[in-house]
Amino acid sequence: MGHVLLMSVLFLPLAGALGLITVPGDRVVIHRRVSLAIAIITFLLSLPLYWLIDHTRSDFQLVISIPWIASLDAGFRIGLDGMSLLLVLLTTFTMPIAIGASNGIITKREKEYYTMFLLLETAMIGVFIALDMFLFYVFWELILIPMYFIIGIWGGQDRIYAAVKFFLYTIVGSLLMLVAIIWLGIYAQSAIGQFTTDFIKLRELAPSIPIETQRWLFTAFALSFAIKVPIFPFHTWLPDAHVQAPTAGSVILAGILLKMGTYGLIRFNLDFFPQSAIEFAPLLGVLAVIGIIYGALVAMVQPDMKKLVAYSSVSHLGFVVLGIASMTNEGIQGAILQMVNHGLSTGMLFLCVGVLYERRHTREIAEYGGIARVMPHFAVLFGLAMLASVGLPGLNGFVGEFLTLLGGFRSPYLNSWSYSIISATGVIFAAVYLLWMFQRVMYGPIVNPANENLHDLTLQERWTLIPIVIFLVWIGIYPQPFLRASASSTNAVVQKVLNYSVPLKVTGLTRQSSNSSTFDKPIKVSLHTERP
Amino acid sequence: MMNEWLCASPLILISFAAVIALVVDALTPNSERTTYHFSLVSLAIALVAAIITVPANGLAFSGMIRTGGAPAVLDSVFIVGGLLTIIAARPYIAARNFEHDEFYTLVLYATSGMMLIAHAQHLLILFIGIEVMSLSFYVLAGYFRQTVSSIESALKYFLLGAFATGFLVFGIALVYSATGSLDFGGIGTAIKNHTLTFPRLFPIGIALIIVGLGFKVAVFPFHQWAPDVYDGAPTVVTGFMSTAGKAAALGAFIPVVLDMISLDEQSVQTVLALSATGTIIIGNIAAVVQRRIKRMLAYSSVAHAGYMLIGLAVANHRGLTALVFYAVAYLFMQLGAFVVLAILDRDVERSVELDDCAGLATKHQGLAAAMALFMFSLAGIPPMAGFFGKYYLFTAAIEAGYTWLAIVGVIGSMISVYYYIGVVVYMYFKDARETIWATEMSATKRLPLVVTAAAVIVLGIVPSALESLLSSFWK
């Protein structure tokens with residue numbers, strides 16, 4: 001039952017895309033409605049997965065394994081754990097919103113557009129549930145093609161430059177990863193006598209690789225993921241891609257594509273190479289802190305709203321990377337939650353910018369002012385998204401950022417408070433650039449006469465924004481269901497790293513990470529109950 | 001005795017068909033239609049024969065010819081290439097009012113030459129195969145005999161090719177004088193038993209053979225002829241030359257690596273690895289700056305020969321399997337791209353440039369989608385055939401301890417992505433202009449495209465069928 005469900009969640013969008021290819025391109029209404037329906041059905045099908053997974057187990061569940069390339073033992077292996085479950089749900093949740101928000105906004109070549117989105121959905125879900133390095137790589141690369149077309153065909157003025165840059169950056173990273181994957185397979189051949197790309201087998205073997213080689217492999221994987229996240233200084237493709245992509249493309253890009261990088265860091269770098277991870281943790285931490293501050297400072301001076309949100313992504317993902325680099329339960333759980341949060345709130349910010357752009361066809365902050373007077377409902381929703389992104393307590397962003405900072409404090413690998421202290425200023429900067437932008441756009445008198453007759457949100461826009469708001473509030477008030485899902489898989493990774501941290505004081509370490517402070521009680525409970 | 005003839009039937013069928021076509025051509029005027037259909041039918045029959053004889057692995061005709069196994073698989077590849085070329089060529093040459101039946105005859109001859117190479121178990125057979133193939137290609141390259149670029153292409157190819165053949169013959173002579181044998185098996189035994197008459201001549205002979213074959217494949221540093229020749233030749237001919245022709249010449253390397261060089265393996269491996277490095281880097285870098293798609297594909301075909309050379313350089317079974325797999329994948333994707341170009345080409349002198357492709361996707365969706373598929377596959381993006389070819393090759397390289405060679409291949413792929421997706425940029429992202437592309441599509445124009453595109457996808461989704469078949473030949 002669960003297996004069938006997982007397969008259908010993975011392949012329903014692909015089947016839909018193939019089905020829509022046969023429908024002539026001028027039947028646009030069919031393309032719009034069918035693709036939206038498929039995305040919604042996929043979401044509904046993916047919901048039961050939450051309950052079909054035993055959250056107390058840290059191993060993979062609903063595993064399906066079908067042989068594919070026998071000689072290289074590459075198989076069609078998929079399965080879920082708590083972390084991938086959350087990201088799959090984020091994907092299936094975001095997709096209907098992205099497709100729904102495109103209705104009426106995309107006017108050329110709609111058939112290809114919706115086909116690309118459905119193809120993208122299968123590839124993204126595939127990345128999160130692949131349990132075979134080879135399959136993972138195939139899905140990882142498969143994402144490039146639809147995203148490349150989405151930016152290149154339906155993007156803004158400089159779309160070609162942005163699309164090519166996006167493609168080249170990503171492929172450079174991923175080809176290095178390919179070499180590392182093959183190297184791992186060859187290592188397996190010498191260790192267990194069979195070339196394999198089976199994730200579970202390699203996970204057992206990888207830590208026994210000599211540390212010198214491990215460093216190289218860690219670097220190859222990390223580089224590929226760092227470009228995707230993007231971690232400073234590999235972030236330069238992101239503002240271009242975001243600004244040029246159509247609104248729905250930005251939502252998917254920020255909401256899900258970037259998460260593939262951070263997901264990969266946890267799933268492969270930490271799990272495969274715990275020793276190297278310990279060595280590289282300070283470097284990752286420093287880059288994360290630079291990203292947080294740099295992204296925030298650059299965002300502050302942007303005259304273009306979309307670019308501002310794009311740079312805020314660099315800053316926000318810095319928190320995720322900091323949480324990962326801390327390699328503590330709090331940090332990684334916070335990172336996973338922050339991935340979901342960022343997907344929701346930044347996705348919503350992009351939608352809001354899109355709402356304004358559709359009315360005025362400009363994203364210049366200076367062009368607006370006093371919009372709240374003419375669009376009061378929009379002002380409320382935009383404000384919520386903005387506050388969630390700032391990290392206001394009571395909304396989702398706070399929980400994730402708080403946990404990652406906590407992880408940074410506690411981490412025995414980073415072993416310094418300075419990471420978290422400097423990063424915490426990023427929260428203040430976020431408040432500065434987002435509130436300032438909001439104030440300039442929404443408040444004050446209407447100086448530009450073009451803004452006087454803007455109509456408030458349409459029904460379609462409400463339908464795309466309100467579902468996100470539910471989750472913004474839900475995670476902010478009661479993050480328990482989300483944290484519970486990722487708790488055991490996080491704990492498994494943390495324990496694994498801990499086991500390889502022999503030179504460090506192991507006893508002090510366990511005490512430190514289990515002894516949570518008093519002001520995060522609900523979270524602490526979840527962390528403790530899941531601990532074996 | 002009968003069995004021998006049956007096992008070698010694909011080779012014999014095509015050779016006779018070529019002779020018959022030539023005679024029919026000489027005796028009957030205006031037999032273009034007849035020759036066209038005759039070539040198609042004979043190639044189709046030979047394809048069936050080749051597929052049937054795959055299990056008939058063995059030697060025939062006093063050990064001169066190898067039958068079944070890998071040669072039979074290569075046969076089917078060459079035949080499919082020939083079939084697609086003939087089908088794509090007819091509307092192409094018809095559009096230029098240059099329909100002569102020798103075109104099809106020459107394709108048949110070239111195919112039989114390639115098959116001889118694949119079947120060769122004897123240096124003389126190998127040499128005859130290479131000559132039959134090369135001579136047919138010299139003429140095919142100059143098929144548009146009233147066009148300067150076509151004549152230039154043929155002349156360059158012929159002069160340099162003849163020069164390279166000299167190296168090959170001299171190499172064969174030296175190997176014979178060193179070992180007293182022209183038979184691959186005999187040479188291998190002589191090396192193993194250290195019964196060389198003139199041991200010093202042997203490495204020189206092998207080196208000359210490698211130079212001669214390296215020229216035919218167009219590997220660094222013998223690649224300079226390739227861009228001009230490929231660019232000037234008729235587009236459909238270039239497609240055939242740069243895929244099946246290249247695969248055949250690489251196939252000629254296999255016995256050299258497999259049977260003949262156990263004497264001084266390490267040095268030959270190093271030479272091949274360095275040559276592969278140069279070929280990959282130079283081919284890819286030169287392709288980046290090209291505006292004319294045909295010339296870009298010509299340079300990139302040099303780079304692809306470099307990737308395939310990795311399979312030879314690592315000299316293990318996985319490498320050879322990967323090499324043949326890549327050759328098959330490459331045949332479909334490169335030939336497909338050339339079929340698209342042949343449809344788009346209007347001018348005999350000047351092939352389509354990137355600018356001419358602007359907005360192609362809005363006018364000819366199917367054509368643009370097919371071209372995009374071939375470009376992504378050539379760039380090595382999964383899940384297309386080209387990716388799996390590279391995956392197998394790099395795996396073989398890393399397995400043999402040549403991690404650096406795999407990294408060179410990866411760097412080459414990174415560069416290649418730039419110019420391959422450049423074509424997609426023009427087709428899909430730029431707005432249409434006044435262009436020269438073909439207006440009407442027909443079933444015969446579509447057929448080769450559909451076949452190659454389907455092959456690229458199928459090989460990408462189920463690569464293991466072909467791969468496991470190939471790897472069984474070298475175990």
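In this predicted model, helix H13 of chain A carries a kink of about 50° at A:Phe280, shortly before the proline A:Pro282. Helix H13 covers residues 274-300 of chain A, and its end C-alpha atoms are 37 Å apart.

Chain A as a whole contains 23 helices and two strands. Its C-alpha atoms fill a box of roughly 70 × 55 × 40 Å along the principal axes. The radius of gyration of chain A is 22 Å; a compact globule with 532 residues would have a value near 24 Å, which agrees. Of the 532 residues in chain A, 62% are buried. Among contacts in chain A with a separation of 6 or more, 80% are between residues 24 or more positions apart.

Chain A also meets chain B: 30 residues of chain A are in contact with 25 residues of chain B. The elements of chain A listed below each supply at least two residues of the side that touches chain B.

| Element of chain A | Residues |
|---|---|
| Strand S1 | 61-69 |
| Helix H6 | 133-142 |
| Helix H7 | 144-154 |
| Helix H8 | 159-192 |

Helix H8 of chain A gives the most to this side, with 16 residues. By residue class, the side of chain A that touches chain B divides into 25 nonpolar, three polar and two charged residues.

Technical notes. Residues numbered from 1 in each chain as written. Chains lettered and ligands numbered in written order. Predicted model: local features only at pLDDT ≥ 70, side-chain atom pairs only at ≥ 80, totals over all residues. Helix = DSSP H or I, 4+ residues; strand = E, 2+ residues; numbered from the N terminus. Expected span 1.5 Å × (residues − 1). Bend = angle between axes of the 7 residues up to and from the residue. Contact = placed C-beta atoms within 7 Å. Nonpolar A, V, L, I, M, F, W, Y, C, P; charged D, E, K, R; others polar. Rg over C-alpha atoms; globule rule 2.2 N^0.38 Å. Buried ≥ 20, exposed ≤ 12 C-beta atoms within 10 Å, placed from the backbone.
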